Amino acid sequence: MHGVEAGRVARGSGSEALQALEAAMLHGLRALKEVAAQQQNVKGEVEDLGRAMSRFQDKVDERLDSFRGRIHTAETAVASAVSDTPAAPQAPPPAPTRLSPASSAASFASSSP
């Protein structure tokens, strides 16, 4: 190869290398843009999920407050009903009966086989 031809080959392979590098860079940029778009989509989904979770928490808090109010009302009503209910008269316990030793023995004998 002469000097002129060698220069053309070197320039040719350098040009091809630059074109390959440019193609690789463009491919990489497209991939980065795609990843960035996916990240943006995920970020939007996360934000939507956060708002939905906040709404759900608000509903749970409302229901809990409602239940707490109902429980307080029921407790108050029960306490009032208990305090307003007159106590039932207590009958004195029955007096113990004493058996004479003879009747006790007769009772024991009649219950034995």
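The structure is a predicted model. Its chain is made up of two helices, with zero strands. Helix α1 covers residues 3–84.

**Exposure of the chain**

Of the 113 residues in the chain, 0% count as buried.

**Salt bridges**

Side chains of opposite charge can pair when their charged atoms come close. A search of the whole structure finds two salt bridges.

| Salt bridge | Distance between N and O |
|---|---|
| Asp48 and Arg51 | 2.3 Å |
| Arg68 and Asp65 | 3.4 Å |

In the pair formed by Asp48 and Arg51, the closest N and O atoms are 2.3 Å apart. Both residues belong to helix α1, and because they are three residues apart there, about one helical turn separates them. Asp48 has a relative accessible area of 43% and is therefore partly exposed. Arg51 is likewise partly exposed, with a relative accessibility of 44%.

The other salt bridge joins the side chains of Arg68 and Asp65, with 3.4 Å from N to O. Helix α1 holds both Arg68 and Asp65, which lie three residues apart, or about one turn of the helix. Arg68 has a relative accessible area of 52%. The cut-off for an exposed residue is over 50%, so Arg68 falls in that class.

**A nonpolar surface patch**

Apart from the charged pairs, the surface carries a nonpolar patch formed by Leu18, Leu21 and Met25. Together, these residues have about 330 Å² of accessible area. Met25 is located in helix α1.

**Summary**

In this predicted model, helix α1 contains the pair Asp48 and Arg51 as well as the pair Arg68 and Asp65. Met25, a member of the nonpolar patch with Leu18 and Leu21, also has its place in helix α1. For the chain as a whole, the share of residues that count as buried is 0%.

Definitions and conventions: Residues numbered from 1 in each chain as written. Predicted model: local features only at pLDDT ≥ 70, side-chain atom pairs only at ≥ 80, totals over all residues. Heavy atoms only, no water. Patch = residues over 30% accessible without salt bridge, like charges linked within 9 Å, V, L, I, M, F, W, Y side chains within 5 Å. Areas by Shrake-Rupley, 256 points an atom, 1.4 Å probe, with all protein chains shown as cover. Salt bridge = Lys/Arg side-chain N within 4 Å of Asp/Glu carboxyl O. Helix = DSSP H or I, 4+ residues; strand = E, 2+ residues; numbered from the N terminus. Buried < 20%, exposed > 50% of the residue type's maximum accessible area, 1.4 Å probe, protein only.
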